[in-house]
Amino acid sequence: SFAFTEPSGPDAPHKQTYATVAGTDLKITGQKSFVTGGAHASFYAALVNVEGDDEGDSGPAMVIIDKDSPGLEIAREFRSMEGGDHVELKFNGVIVPMRNVIGSIGEGMPRAMGNIGEERLQVSALACGMGLWTVEHITERLMQGHRSGSRLADREGVRLRYADLRIELYAARSALYRTARLAEVAESVEEIMNEATATKVFCTEMIGHVVDTAIQLAGGQSLIQGEPLEKLYRRARSLRFTGGASDILRLSIARGKFDFGAGRL
Ligand SMILES: Cc1cc2nc3c(=O)[nH]c(=O)nc-3n(C[C@H](O)[C@H](O)[C@H](O)COP(=O)(O)OP(=O)(O)OC[C@H]3O[C@@H](n4cnc5c(N)ncnc54)[C@H](O)[C@@H]3O)c2cc1C
């Protein structure tokens with residue numbers, strides 16, 4: 001499982017997970033939260049900040065940590081609303097051999113983000129797939145009869161909201177296909193990182209709005225537990241966090257331009 005996110009909230013430690021060098025080992029202290037599938041994993045790939053001495057290497061590193069390592073504790077198991085199961089991990093001076101560092105010390109961020117471009121595209125595609133299903137579903141619902149005697153599909157106000165769903169979905173799918181085409185011809189995923197990031201923000205916000213509007217048009221019964229739109233609503237919500245919270249991704253797009261004069265969109 002991937003252990004990247006630090007705990008948040010008032011009780012969260014102020015210092016991020018860190019490691020000190022002890023001979024040929026690292027000694028890791030800290031906490032990670034939201035480690036998906038962590039209860040069933042046999043090891044964790046964790047981002048830690050290595051505090052080297054003056055001569056030693058220092059900086060972020062991705063480290064493989066065996067689940068059975070002494071000092072490693074699953075402090076909490078929890079579920080999120082879309083059904084995912086996660087754990088909070090505590091590292092109480094966990095000793096890990098230096099050979100468990102993926103790549104080199106200092107390369108933690110690029111290593112952790114190695115697949116993030118693909119992941120952002122996958123999440124975007126998932127959001128678009130959910131959007132297609134939702135629009136098809138609500139189309140059928142609106143064309144069915146309604147207790148008022150006429151179909152909801154015949155009301156102009158409903159048609160306006162409905163058209164917005166189709167427009168938003170079309171725009172999101174267009175962005176997704178364009179970014180996927182760019183990814184296909186790119187040498188590396190870094191080349192299309194801004195496009196993948198923008199697409200992820202747009203598609204995941206699109207599906208949040210599309211499912212929310214579909215629920216409003218379908219009526220309160222669509223919120224009954226077990227109803228498909230109720231499930232999709234919970235699932236859609238988590239997508240604006242997985243692979244990066246929307247506003248953090250916005251900041252990274254802006255930082256690329258303002259601070260590094262790089263990145264295209
Ligand atoms: C279903 C699910 C599965 C997940 N799986 C994993 C996993 O397997 N491994 C893992 O490591 N993590 C996982 N996460 C955690 C996820 O990566 C984080 O939720 C996400 O990165 C945001 O971090 P955070 O929750 O700590 O929010 P915070 O960093 O506390 O941010 C909260 C909000 O504050 C605002 N904010 C924060 N910083 C800034 C800033 N600098 N400028 C402006 N606004 C800001 C944003 O609006 C942001 O949404 C998962 C999350 C979910 C919901």
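Q: Contact means heavy atoms within 4.5 Å; which residues in helix 3 meet which residues in helix 4?
A: In this predicted model, the helix 3 side consists of Val158, Arg161, Tyr162, Leu165, Glu168, Leu169, Ala171, Ala172, Ala175, Leu176, Thr179 and Leu182. They meet Glu195, Ala196, Thr199, Phe202, Cys203, Met206, His209, Val210, Thr213 and Leu217 in helix 4.

Q: What classes of residues make up the contact of helix 3 with helix 4?
A: There are 15 nonpolar, 4 polar and 3 charged residues in this contact.

Q: Why are helix 3 and helix 4 called roughly antiparallel?
A: The two helices pack at an angle of about 160°. Angles over 145 degrees count as roughly antiparallel, and helix 3 and helix 4 are therefore described that way. Their axes lie 9 Å apart, and helix 3 passes helix 4 in a left-handed crossing.

Q: What makes Ile138, Leu142, Ile192, Met206 and Ile207 stand out in the largest nonpolar core?
A: Of its 36 residues, these five touch the most other members. Helix 2 (116-143), helix 3 (156-185), helix 4 (193-218) and helix 5 (228-238) each supply at least two residues of this core. Helix 4 gives the most, with 11 residues.

Q: Which residues does Ile138 touch, not counting those up to four places away in sequence?
A: Beyond that sequence limit, Ile138 is in contact with Tyr162, Leu165, Ala214, Leu217 and Ala218.

Q: Which residues does a second, separate core include?
A: That core has 22 residues, among them Ala19, Ala41, Val48 and Val87.

Notes. Residues are numbered from 1 along each chain as its sequence is written. This is a predicted model: local features need pLDDT of at least 70, side-chain atom pairs count only at pLDDT 80 or more; totals for chains, interfaces and linings use all residues. Side-chain values use heavy atoms; hydrogens and water are left out. A nonpolar core is a set of buried Ala, Val, Leu, Ile, Met, Phe, Trp, Tyr and Cys residues joined through side-chain atoms within 4.5 Å. Buried means under 20% relative accessible area, exposed over 50%, partly exposed in between (1.4 Å probe, protein chains only). Helices (H or I, at least four residues) and strands (E, at least two) are DSSP runs, numbered from the N terminus. Contact means heavy atoms within 4.5 Å. Axes are lines fitted to C-alpha atoms, for helices over the stretch in contact, and angles run from 0 to 180 degrees between N-to-C directions. Angles under 35 degrees count as roughly parallel, over 145 as roughly antiparallel, 65 to 115 as roughly perpendicular and the rest as oblique. A crossing is left-handed if the near helix is turned anticlockwise from the far one by less than a right angle, and right-handed if clockwise. Ala, Val, Leu, Ile, Met, Phe, Trp, Tyr, Cys and Pro count as nonpolar, Asp, Glu, Lys and Arg as charged, and the others, Gly among them, as polar.
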